[in-house]
Amino acid sequence: KNIQVKTIPVSSTSNQVDLLYSVEETNSGTASINFGYSTLTRFGYGAGINQPNFMGSGKTVGINFSRNSYINSYSANYYDPYFTSSGIGFGGAINFQKTNSSALRISDFSLDNYGIRLFNTIPLSLNDSLQIGYAINRIHIGANLTPGQANSAPTEISNFVSRYGSDFEQILLDISYGHNGQDKAIFPTQGLKTGIGGEFSLPVSGDALRYYKINYNLNYLIPLERSHQWIFGFTAGGGYGNGYSKQTGLPFFVNYYAGGLATGLARGYE
């Protein structure tokens, strides 16, 4: 928040100077606590601590959690943007998430997912970067498979569990390319930001989680006058997912969903 620069002539030469920078770091960390109420998820609360410049090292460290009747989520993350001298970043995250879909009256099942993910970011140019990630997940599906009961799982879920079981180990590989040509990182006013990425699931045992997903997003901003107070924005996105074979298909719990409920969880169609 305060930067001063001094030029000091080098005594042994007439055409060089030393640049002396005096800087004062601003507080960049955030701590948050939240409480809320929804007619769907009832009471919810959460908290988090995130420090983008942990102890002045430039590394990012964060711990977060949130709870309501639909989802309980806990995570811890770490990222070093200059893991190597060439500017390759390295990061990781540990997460645990328990989802109870019956709380939203979507489908009567629960899903527990916990695992660890590591990733590298590779700068390709000033505006382009590549990210490669690898994760190990443990997944458990809870569902009432008794037909005729009020809380019985839908047919798609009961068929999946009957065929493959309810516990899975997964290796998930992901790769994405991003281009950011916008003029500012925060509140940009012009330029193009776009990215494309894919994730590929490799089951440790069984055939249930043999699938892939490809996603694309675009955000384009055009200022309508010189002062950039009025801006036209265009946003688009799309995705496709399927199994490696017709026998497996896409597992029901990684389906794409239509909009609605503010979180995009309304039932969708093929």
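## A pair to start with

Which residue forms a salt bridge with E169? The partner is R138, and the closest N and O atoms of the two are 1.8 Å apart. A salt bridge here is a side-chain nitrogen of Lys or Arg within 4 Å of a carboxyl oxygen of Asp or Glu. R138 sits in strand 9 and E169 in strand 10, so this pair ties together parts that are 31 residues apart in sequence. Strands are DSSP runs (E, at least two residues), numbered from the N terminus.

This is a predicted model, in which local features need pLDDT of at least 70 and side-chain atom pairs count only at pLDDT 80 or more. Residues are numbered from 1 along each chain as its sequence is written, and side-chain values use heavy atoms, with hydrogens and water left out.

D167 belongs to strand 10 (residues 167–180) and R138 to strand 9 (residues 128–143), so the pair links parts 29 residues apart in sequence.

How accessible are these side chains? R138 is partly exposed at 28% relative accessible area, as are E169 at 27% and D167 at 37%. Partly exposed lies between buried (under 20% relative accessible area) and exposed (over 50%), using a 1.4 Å probe and protein chains only.

## Another bridge, and the network

The structure holds 5 salt bridges. One of them joins D207 and R210, with the closest N and O atoms 3.0 Å apart. D207 is partly exposed at 43%, and R210 is partly exposed at 34%. Shared partners, meanwhile, join R138, D167 and E169 into one salt-bridge network.

Key
Helix = DSSP H or I, 4+ residues; strand = E, 2+ residues; numbered from the N terminus.
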